[in-house]
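I opened this model to look up its salt bridges, its last helix and its surface. My entries follow in the order I made them.

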Amino acid sequence: MPIISPHADNPLIDGRQSDRALMVRRGVQRLFTDLRLAMVPELSLASGRRADLVALGEGGEIWIVEIKSSVEDLRVDRKWPEYRQHCDRLFFATHSEVPAELFPVDCGLIIADGWSGHMLRDAPEHRLAAATRKAMLLRFARAAANRLLQAELSAL
């Protein structure tokens with residue numbers, strides 16, 4: 001069930017995501033569901049950046065996925081290294097028309113379409129400090145709870 005905002009703007013789709021990026025996100029979400037990860041898309045971070053997708057594992061591990069829908073999207077992005085300070089593992093996700101060899105080898109890589117995703121390369125682990133982990137877990141939990149409330153209120 002899609003989350004529907006009771007407000008004029010949907011916090012999950014703000015016009016910056018292309019149809020292709022949303023397709024990649026759906027595939028990654030299906031892959032991560034199979035991996036038993038909980039997810040929050042478009043999560044604001046303490047740095048002021050916004051992660052395309054943040055996933056939380058059963059053991060508290062935090063993964064961030066940066067979605068790239070084209071070669072140009074990847075080439076112009078210089079902010080992605082900042083995401084490392086907010087996660088244990090950093091991944092890129094794209095679709096089959098973007099060459100995999102363009103992506104940094106020190107990040108994970110997921111190839112996805114609207115139906116599924118495939119982890120082409122796992123991400124190296126860079127464990128978060130305890131205080132950063134706690135802050136990220138609280139940010140994740142509050143965003144998830146607020147979005148659930150928005151969905152519930154929109155159904156009334």
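**Entry 1: a pair close in sequence.** I started with arginine 127 and glutamate 125, whose side chains meet in a salt bridge at 3.3 Å, N to O. Glutamate 125 has a relative accessible area of 43%, so I logged it as partly exposed. I keep in mind that this is a predicted model.

**Entry 2: the other salt bridges.** How many salt bridges does the count come to? I get 14. I picked out glutamate 58 with arginine 36, where the closest N and O atoms are 2.7 Å apart. This pair links distant parts of the chain, 22 residues apart. Glutamate 58 sits in the loop between β2 and β3, and arginine 36 in the loop between α1 (19-34) and β1. Both glutamate 58 and arginine 36 are exposed.

Next I took lysine 79 and glutamate 66, which form a salt bridge at 3.4 Å, N to O. Lysine 79 is in the loop between α2 (71-76) and β4 (89-94) and glutamate 66 is in strand β3, so the pair ties together parts 13 residues apart in sequence. Is glutamate 66 buried or exposed? It is buried, because its relative accessible area is 2% and the cut-off for buried is under 20%. Lysine 79 is partly exposed, at 25% relative accessibility. I also found both residues in a network of salt bridges with Lys68, Asp73 and Asp77.

**Entry 3: the chain as a whole.** I read the pattern along the sequence as α-β-β-β-α-β-β-β-α. That gives three helices and six strands. The chain has 156 residues, and 42% of them count as buried. It exposes about 8700 Å², with carbon and sulfur atoms supplying 55% of that area. Among contacts between residues at least 6 apart in sequence, 57% join residues at least 24 apart.

**Entry 4: helix α3.** α3 has 25 residues and reaches 36 Å from first C-alpha to last, close to the 36 Å expected. Which of its residues are buried? I listed Arg133, Met136, Phe140, Ala143, Arg147, Gln150 and Ala151. An α-helix has 3.6 residues a turn, so residues three or four places apart point the same way. The buried residues of α3 pack against β1 (38-44), β2 (50-56) and β3 (62-67).

**Entry 5: a nonpolar patch.** Leucine 153 also belongs to α3 (residues 130-154). I logged leucine 153 as partly exposed, because its relative accessibility is 44%. Leu153 forms a nonpolar surface patch with Leu149 and Leu156. Together the three have about 340 Å² of accessible area.

Conventions. Residues are numbered from 1 along each chain as its sequence is written. This is a predicted model: local features need pLDDT of at least 70, side-chain atom pairs count only at pLDDT 80 or more; totals for chains, interfaces and linings use all residues. Side-chain values use heavy atoms; hydrogens and water are left out. Patches are made of residues with over 30% relative accessible area and no salt bridge: like charges are joined within 9 Å, nonpolar side chains (Val, Leu, Ile, Met, Phe, Trp, Tyr) within 5 Å. Accessible areas come from the Shrake-Rupley method with a 1.4 Å probe; for residues, only the protein chains shown count as cover. A salt bridge is a side-chain nitrogen of Lys or Arg within 4 Å of a carboxyl oxygen of Asp or Glu. Helices (H or I, at least four residues) and strands (E, at least two) are DSSP runs, numbered from the N terminus. Buried means under 20% relative accessible area, exposed over 50%, partly exposed in between (1.4 Å probe, protein chains only). The expected span of a helix is 1.5 Å times one less than its number of residues. Contact means heavy atoms within 4.5 Å.
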